[in-house]
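Hi everyone, thanks for coming. Let's have the model up on the screen, and then I'll walk you through a few side chains.

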Amino acid sequence: GLNGLETAEELRRQGREEVLVFITSCRDYAIDGYLVSAAGYLVKPFTYEDFFNVMSTACSRLPNNKNEMIFITL
């Protein structure tokens with residue numbers, strides 16, 4: 001029953017440090033995404049270049065021993 005931002009807030013409350021990227025069709029919550037230390041916020045439709053840039057930022061934030069990603073769709 002949580003939206004993406006609420007899920008991110010809950011992860012942070014639990015002390016989780018996953019790298020977050022929001023992909024949405026709504027610009028209204030972009031600033032809130034950064035309040036939970038998101039690596040990026042993509043608004044549909046977006047270009048391959050936009051996706052590449054945001055994912056490059058996200059990957060650069062991964063710890064050295066991590067190379068996996070999990071996608072959550074809400």
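Okay, so Arg13 and Glu10 sit 3 residues apart in helix H1, which means about one helical turn separates them. Helices here are DSSP runs (H or I, at least four residues; strands are E, at least two), numbered from the N terminus.

Quick background: this is a predicted model, where local features need pLDDT of at least 70 and side-chain atom pairs count only at pLDDT 80 or more, while totals for chains, interfaces and linings use all residues. Residues are numbered from 1 along each chain as its sequence is written, and side-chain values use heavy atoms, leaving out hydrogens and water.

Back to our pair: Arg13 and Glu10 make a salt bridge at 3.2 Å, N to O. That term means a side-chain nitrogen of Lys or Arg within 4 Å of a carboxyl oxygen of Asp or Glu. Arg13 is exposed at 61% relative accessibility, and Glu10 is partly exposed at 30%. (Buried is under 20% relative accessible area, exposed is over 50%, partly exposed is in between, with a 1.4 Å probe and protein chains only.)

How many salt bridges does a search of the whole structure find? It finds 2. Arg16 and Glu18 form one, with their closest N and O atoms 2.6 Å apart. Arg16 is partly exposed, at 39%, and so is Glu18, at 31%.

Also in helix H1, which covers residues 4–13, is Thr7. Is Thr7 buried or exposed? Thr7 is buried, with a relative accessible area of 18%. A polar atom of its side chain lies 2.9 Å from the backbone oxygen of Asn3.

Conventions. A polar contact is a pair of N or O atoms within 3.5 Å; within protein, one must be able to donate a hydrogen and the other to accept it, and residues adjacent in sequence count only if both atoms are side-chain atoms.
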